[in-house]
Amino acid sequence: MTIAPNKLNTFLMFKLPAAYFCGVRTKYLDDLKCVVTVKHRWINQNPFNSMFWAVQGMAAELTTGALVMSKIKQSGRNISMLVANNNASFTKKATGRITFICNEGDILNKAIEKAIETGEGQTIWMNAIGTNSEGIQVSSFNFEWTLKLK
């Protein structure tokens, strides 16, 4: 599969239907950055009339995971990927359209290169920041990705 926003959205529909039905959508992906959005709706709300934290987590993980998938594909090598740890902080109610951005493709490049050179597994922390339509940060997610040459 070519790693592109429209292909990732189709992938979600078939492989991660919970994310797809909650409205998680990839909007932009290049070598250094991924942008994913999700809109607060009835299906993804919590009892406090804001977006459920797990829906934000799905969108945030996709921003980092799409970058990892893309970089692995570009390397031409068979590399496994897995989230080992994650943490999050929430600073404002998530309502309206929330945009998650991860722009850490450069650190990912270094980790994949090192995994290929050494043959040893690598771990990196990647961050995704969620902002509302006013540009105010609502959440921040960190994911520890493990990368290992198969």
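Start with the cysteines: the count of disulfides comes to 0. Keep in mind that this is a predicted model.

Cys-22 is in no disulfide, and the nearest cysteine sulfur, that of Cys-34, sits 18 Å away. With a relative accessible area of 11%, Cys-22 counts as buried, because the cut-off for that is under 20%.

Now hop to Cys-34. How far away is the nearest cysteine sulfur here? Cys-102 holds it, at 7.5 Å, and Cys-34 is in no disulfide either; a pair would have to come within 2.5 Å to count as one. Cys-34 is buried too, with a relative accessible area of 0%.

In soluble globular proteins, nonpolar side chains tend to be buried together. The largest such core here has 36 residues, and the ones to highlight are Val-24, Val-38, Leu-108, Met-126 and Leu-147, which have the most contacts inside it. Colour by element and you'll find that α1, β2 (34–39), α3, β4 (97–102), α4 (105–118), β5 (122–131) and β6 (137–149) each put in at least two residues. Which one gives the most to this core? That's α3, with 8 residues.

Zoom in on Val-24 and show its neighbours. Leaving out residues up to four places away in sequence, Val-24 touches Asn-9, Leu-12, Ala-19, Val-36, Thr-37, Val-38, Val-55, Met-58, Ala-59 and Leu-62.

At least two lining residues each come from α1 (5–15), α3 (53–75) and β3 (79–90). The largest share, 6 residues, belongs to α3.

Last stop: find the loop between β2 and α3 and select Asn-49 there. Check its backbone: phi is positive, about 60 degrees, although Asn-49 is not a glycine. Is this residue buried, exposed or partly exposed? Asn-49 is partly exposed, at a relative accessible area of 48%.

How values were computed. Residues are numbered from 1 along each chain as its sequence is written. This is a predicted model: local features need pLDDT of at least 70, side-chain atom pairs count only at pLDDT 80 or more; totals for chains, interfaces and linings use all residues. Side-chain values use heavy atoms; hydrogens and water are left out. Helices (H or I, at least four residues) and strands (E, at least two) are DSSP runs, numbered from the N terminus. A nonpolar core is a set of buried Ala, Val, Leu, Ile, Met, Phe, Trp, Tyr and Cys residues joined through side-chain atoms within 4.5 Å. Buried means under 20% relative accessible area, exposed over 50%, partly exposed in between (1.4 Å probe, protein chains only). Contact means heavy atoms within 4.5 Å.
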